[in-house]
Structure formats: C-alpha cells, structure tokens
Amino acid sequence: MIADLGEWLGLGPYCWEATPFFLAGVTTCLGVIGTAFSERVISQRWIRYRIDLADDLPDSPDVHLTPVTDDIIRALRGHPDHAEHQLRSGFRFWDRGLRRAYVWMDREQPLCIQWLLTGADRARVRTLDEWAGMYPPLVSHVGQVENLFAFSTARRRGVATQFEYALYDEARRAGLRELVTHIHEANAAARGWAERTGWHPFGTITRFQLDVRGLRAYAVYLHSSDDRGGLRLHHTRPV
Ligand SMILES: CC(C)(COP(=O)(O)OP(=O)(O)OC[C@H]1O[C@@H](n2cnc3c(N)ncnc32)[C@H](O)[C@@H]1OP(=O)(O)O)[C@@H](O)C(=O)NCCC(=O)NCCS
C-alpha cells in the first residue's frame with residue numbers, strides 16, 4: 001500500500017500540508033520575485049524518491065549494519081572525511097537527538113552510513129532550524145533515509161548499493177512499509193545510486209532563500225508530488 005505523501009509548504013521550522021493549486025500559486029509568486037530580484041533569490045531543487053518495501057527488492061545477507069552510537073560518532077568526527085557535507089549533516093542530526101543511524105564497518109573502518117527517520121522523530125526534526133522545512137511529518141509506516149555517505153576510500157565498488165539493500169531489511173524490521181528520500185538534482189552519483197537501488201522519483205522539493213541579512217534563516221520549501229512544481233528560477237547552488 002502506497003501512502004499519500006502529498007504537497008507541503010515549509011517555512012523556517014514549520015511545515016503545512018498544501019493543495020497542488022495553492023502550491024502552484026506560491027511557486028508562481030516566488031518565480032516572479034526571483035525574476036525581479038535574481039541576484040538576491042537562491043533556489044535549489046531536490047528530487048523526491050520513494051520505495052515500497054513490499055516490492056521484490058534485492059537483499060545483501062552478508063552485510064551487517066551496526067547501529068550508530070556515541071562512540072562511533074566521536075570516532076567519525078576525527079575521520080579524514082569528517083568535513084564532508086553529508087557527514088556534517090549527520091552529526092547535526094545526532095546532536096539534535098536523531099539517533100537512528102546505521103553504519104557498515106569492515107575491519108573497524110566505516111564503509112557507509114545513513115540515518116533513518118520515522119514518525120517518532122517529528123519533534124526533533126523541527127529543531128533543524130533553517131533545514132526543518134525539508135522534512136514534512138512522516139505518516140505511519142513511512143520512514144525517511146537521510147545523509148547517505150559512502151566513505152571516500154570505499155566508493156564505486158557497490159558499497160552504497162549493498163548497504164541500502166541491508167537498510168531495507170532494517171526498515172522492515174522497524175515496522176516500516178515504505179521509505180522516502182530526496183537527492184539534489186545536481187548530484188548525479190546519488191541519482192545513479194537511487195536508480196540502481198530501486199527508488200522511484202515522485203516529485204520535487206524546491207528551496208527558495210532570500211540572500212538578505214536577517215532573512216536567510218527563513219527558507220521556503222515547496223514539496224510537490226509531481227513534476228509541475230518545477231523550478232522557475234535557475235540560480236542554483238548545490239550543497
Ligand atoms: C552517492 C554515493 C553514496 C555512492 O556511493 P558508492 O558506494 O560509490 O555507490 P555504488 O558503487 O553502490 O554505485 C551505485 C550506482 O551509483 C552511481 N554512481 C556512483 N558513483 C558515481 C559517480 N561518481 N558518478 C556517476 N554515477 C555514480 C552509478 O549509477 C552506480 O551504478 P554502477 O556502478 O552500476 O554504474 C557516494 O558517491 C557518496 O557518498 N557521495 C557523497 C555523499 C552523497 O552525495 N550522498 C547522497 C546524498 S542524497
């Protein structure tokens with residue numbers, strides 16, 4: 001059974017469900033503002049993906065995922081990759097109490113890590129400040145994976161693919177029936193990984209931010225569940 005993941009409007013730490021009609025109106029307004037103040041409006045877009053865990057998905061029985069602990073996070077903060085965007089974002093999650101994450105270790109070296117959010121994380125997600133609008137509340141039995149990171153010494157060997165198949169099993173064990181995630185449209189490697197691991201694109205998230213002192217923290221997020229919420233501005237900065 002596929003959940004209705006719908007349309008959402010995020011602003012600062014808040015997220016409201018929206019109708020497609022309302023979302024299209026806001027997109028048009030932001031497009032006009034973006035055209036008039038193109039130097040001051042930054043927009044970025046992510047592709048929303050979903051996967052039904054009841055589908056016939058491959059598994060990787062030889063991959064053992066370890067739940068992340070404080071000790072593991074402490075070690076990772078000293079890892080050569082510690083300044084990479086997805087790891088820093090993961091550390092921020094950890095610091096905000098988002099503690100369900102899994103790592104694949106091989107001979108005490110980390111190969112790949114990812115966070116798994118569930119509906120129980122609703123309040124903690126709202127503390128992610130200017131990024132909170134990226135995360136609409138999760139409905140029952142739907143989880144969200146975030147901050148996938150294959151360590152730089154382990155790339156392009158199928159590690160993130162094998163990791164994800166094992167993660168699907170963890171998610172099923174946690175009672176989840178479906179997963180969602182989002183990937184920056186400019187992240188070709190991760191989009192290739194998503195296709196490889198069975199994810200289906202179902203919409204976009206567009207983030208608008210005014211590059212004006214005092215307003216940068218109030219990013220607007222438009223979560224669309226089809227392609228019509230397309231990017232009207234082309235001034236993107238991948239993160
Ligand atoms: C994206 C990422 C997790 C992939 O990890 P990986 O272990 O190298 O991926 P895999 O070896 O399992 O590759 C799976 C597929 O991803 C795609 N892919 C991976 N790296 C790629 C690259 N550098 N360029 C293009 N496609 C790539 C390919 O389609 C690949 O399938 P193929 O080997 O049959 O061609 C890794 O590059 C990474 O950690 N990047 C930085 C963090 C990041 O962007 N995370 C995703 C956030 S949503």
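Helix H6 supplies the largest share of the shell around the ligand, namely five residues. In this predicted model, strand S7 (142–150), helix H5 (159–173), strand S8 (178–184) and helix H6 (188–196) each contribute at least two residues to that shell. Altogether 19 residues surround the ligand, and the closest are Arg156, Gly158, Thr161, Asn187 and Arg196. By residue class, the shell divides into nine nonpolar, six polar and four charged residues.

| Residue | Atom on the protein side | Distance to a ligand oxygen |
|---|---|---|
| Ala150 | polar backbone atom | 2.8 Å |
| Ala160 | polar backbone atom | 3.0 Å |
| Arg196 | N or O atom in the side chain | 2.7 Å |

Taken alone, the ligand exposes 900 Å², of which the protein buries 75%. The space that the ligand takes is the largest pocket.

Most residues other than glycine have a negative phi. His141 lies in the loop between helix H4 (122–125) and S7, whereas Asn147 lies in strand S7 itself. With a relative accessible area of 34%, His141 is partly exposed; Asn147, by contrast, counts as buried because its relative accessibility is 7%, under the cut-off of 20%.

Key:
Residues numbered from 1 in each chain as written. Predicted model: local features only at pLDDT ≥ 70, side-chain atom pairs only at ≥ 80, totals over all residues. Heavy atoms only, no water. Near = heavy atom within 4 Å. Polar contact = N/O pair within 3.5 Å; in protein donor to acceptor, adjacent residues only side chain to side chain. Areas by Shrake-Rupley, 256 points an atom, 1.4 Å probe, with all protein chains shown as cover. 1 Å grid on protein atoms, 1.4 Å probe; cavity = no way out; pocket = protein on both sides within 12 Å on 5 of 7 lines; lining within 4 Å. Sits in = over half its atoms within 2 Å of the grid points. Helix = DSSP H or I, 4+ residues; strand = E, 2+ residues; numbered from the N terminus. Nonpolar A, V, L, I, M, F, W, Y, C, P; charged D, E, K, R; others polar. Buried < 20%, exposed > 50% of the residue type's maximum accessible area, 1.4 Å probe, protein only.
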